[in-house]
Each structure stands twice: as structure tokens, then as C-alpha cells.
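This briefing covers the salt bridges and the sheet of the structure shown below.

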Amino acid sequence: MKFRKKPVTIDAWPARSVWLAARDNWVALPAEIKAAYEGGGLIFAADHISIQTLEGALRCNLDDMIIMGVKGEFYSCKPDIFAKTYEAVP
């Protein structure tokens, strides 16, 4: 059987931009990212971001994208998969 993803608009951020803002310009972080950090869902490490999921900690490398799912959950996505799966919404 084959399936197609339903058209859903998501929020996503380049992990490197989020990591740099957390380090240098906290005010520039999106509210969703700040809330996830303050709730323990994101941990900023020296060279990556750790995302807490129901399955455990997920390492998000700085070249990855951070995606907020339809239920407000966060996860990372490799850039090549992201480019094949998502397109910008005007």
C-alpha cells in the first residue's frame, strides 16, 4: 500500500540559527523554542541541541532542521529529507 502525507503547515527552524540565538541573542528565539527550553524539552549543548521526546532524547545536529509537529512536539530532520518533504509557504 502507498500513502501520501496530508497537506499540513508546520513550523520549522534551522538548528544552527536556534543554537546561535540561544547563545548570543536569547530575545531573538521564537516563543515556541523558548517555551520548550523552559519546559525541559530542549537542551542546548556545546555542538548540538538535545530534543526530549516520548521515545527519549534525540540529538539534533546544527545542520538539521527543528520541526514542531502538529501537537506541539519537537523533533529534528536531516536537511536532505526536509528539502524532499517540505516547501516554503508564502
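Asp63 is exposed, at 53% relative accessibility, where exposed means over 50% relative accessible area, buried under 20% and partly exposed in between (1.4 Å probe, protein chains only). The model is predicted, so local features need pLDDT of at least 70 and side-chain atom pairs count only at pLDDT 80 or more, while totals for chains, interfaces and linings use all residues. Residues are numbered from 1 along each chain as its sequence is written, and side-chain values use heavy atoms, with hydrogens and water left out.

**Salt bridges**

- Four salt bridges are counted, each being a side-chain nitrogen of Lys or Arg within 4 Å of a carboxyl oxygen of Asp or Glu.
- Asp63 forms one of them with Arg16 (2.8 Å, N to O); Arg16 is partly exposed at 38%.
- Asp64 pairs with Lys78 at 3.3 Å, N to O; Asp64 is buried, with a relative accessible area of 2%, whereas Lys78 is partly exposed at 41%.
- Arg59 and Asp47 also meet in a salt bridge (3.5 Å, N to O).

**Sheet and helix**

- Three strands make an open sheet in the order S2-S3-S4 with antiparallel pairing; strands are DSSP runs of E, at least two residues, and helices runs of H or I, at least four, numbered from the N terminus.
- Strands pair if DSSP finds at least two bridges between them, and six bridges join S3 (residues 48-53) to S4.
- Within this pairing, Ile49 stands opposite Cys60 in S4.
- Helix H1 (residues 15-24) packs on the sheet and touches S2, S3 and S4, contact meaning heavy atoms within 4.5 Å.

Conventions
Axes are lines fitted to C-alpha atoms, for helices over the stretch in contact, and angles run from 0 to 180 degrees between N-to-C directions.
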